[in-house]
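Please keep the sequence and the structure in view while reading them.

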Amino acid sequence: MIILKSECDQEGMRAAGRIAAAVLDEVAAYVTPGMTTREIEKYAAARIKHYGARSAFLGYKNYPCHLCISVNDEVVHGLAGDRRLEFGDLVSLDVGVYYNGFVGDTARTVPAGGCSPEAQNLLDVTERALWEGIRQAVPGNRVVDISRAIQETVEKHGYSVVREFVGHGIGRAMHEDPQVPNFVDTDRSPRLRPGMTLAIEPMVNAGRAGVRVLSDGWTVVTEDGSLSAHFEHTILVTEGEPEVLTCLDRGTSRKTE
Ligand code: MF3
Ligand code: CO
Ligand code: CO
């Protein structure tokens, strides 16, 4: 069942989205070669607290961290620990917060210090795919139009979309209906309506699409060891252009040209 958000709910989603966006910006700027992922976890926990919010991940199905940190071939749900970042590592950061009963969920992959042009291209294409998906989030379209735009953008560049994890409705719960796959998988796909809030989140592998979960029970890695990137925004479907709730400058045409 898809929950449409009232004007009042939408204000709640904006507030949660703004905090998630601020925390992600701050954490992304904090990432530096030589630091451990545990230092990032500690910093994120402090910033979430600073805004009077709570991590939406900590304790979710017993997930043990405040944010997901996934490095290089790690796709999503990586765990903080003693690992030291090296120059050129690709660091995926996924931040979800509860604030006043609503959830904001947003992710970005950043290089530690800098990275190769090949790695940067993976980041650029994944972010571009997210914005192409967002651009399709208008009434009259269906969820599959978002999925198709993402998949086409990714595959045009020779990369693969992960099948096992998908975007999602979001609201008072982190995961609501509908699912928002990053690939076309069905012709029965819900129509988009004003008041829907969605987390759109392409996970893109430089190599093949296959993934597996490490023995820690959480960390998802590419089967072929290739690099992976993840970008995510929480958006509101309106009568017109989608409103990006996890973008502090609230751009909608940005990055879509
Ligand atoms: N943030 C993820 C998503 O985008 C979910 C993380 S689940 C957790 O849907 F258990 F790792 F927290
Ligand atoms: Co997320
Ligand atoms: Co999400």
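1. The model under discussion is a predicted one.

2. Which arrangement do the six donor atoms around the cobalt ion (ligand 3) form? They subtend angles of 53 to 172 degrees, and the arrangement is therefore irregular.

3. The protein donors of this cobalt ion (ligand 3) are Asp105 through OD, His168 through NE2, and Glu201 and Glu232 through OE. Along the sequence, the spacing of the donor residues is D-x62-H-x32-E-x30-E. Distant parts of the chain are thus linked: Asp105 belongs to strand β5 (residues 102-111) and His168 to strand β7 (residues 167-169), 63 residues apart.

4. Asp105 also bridges two metals, the cobalt ion (ligand 3) and the cobalt ion (ligand 2), which are 3.3 Å apart. Both Asp105 and His168 are buried.

5. Helix α3 (residues 117-135) has 19 residues, which at 1.5 Å a residue should span 27 Å; the end C-alpha atoms are 26 Å apart, in agreement with this. Among the buried residues of α3 are Leu122, Leu123, Trp131 and Ile134.

6. How does α3 pack with helix α4 (residues 143-156)? The angle is about 155 degrees, and the axes are 8 Å apart. Because of this angle, α3 is roughly antiparallel to α4. The crossing of α3 past α4 is right-handed.

Methods:
Residues are numbered from 1 along each chain as its sequence is written. Chains are lettered from A and ligands numbered from 1 in the order in which they are written. This is a predicted model: local features need pLDDT of at least 70, side-chain atom pairs count only at pLDDT 80 or more; totals for chains, interfaces and linings use all residues. Side-chain values use heavy atoms; hydrogens and water are left out. Donors are N, O and S atoms within 2.8 Å of the metal (3.2 Å for Na, K and Ca); water is not among the atoms, so sites may look incomplete. Four donors count as tetrahedral if all angles lie between 85 and 135 degrees; four count as square planar and six as octahedral if opposite donors are over 155 degrees apart and all others between 65 and 115; anything else is irregular. Helices (H or I, at least four residues) and strands (E, at least two) are DSSP runs, numbered from the N terminus. Buried means under 20% relative accessible area, exposed over 50%, partly exposed in between (1.4 Å probe, protein chains only). The expected span of a helix is 1.5 Å times one less than its number of residues. Axes are lines fitted to C-alpha atoms, for helices over the stretch in contact, and angles run from 0 to 180 degrees between N-to-C directions. Angles under 35 degrees count as roughly parallel, over 145 as roughly antiparallel, 65 to 115 as roughly perpendicular and the rest as oblique. A crossing is left-handed if the near helix is turned anticlockwise from the far one by less than a right angle, and right-handed if clockwise.
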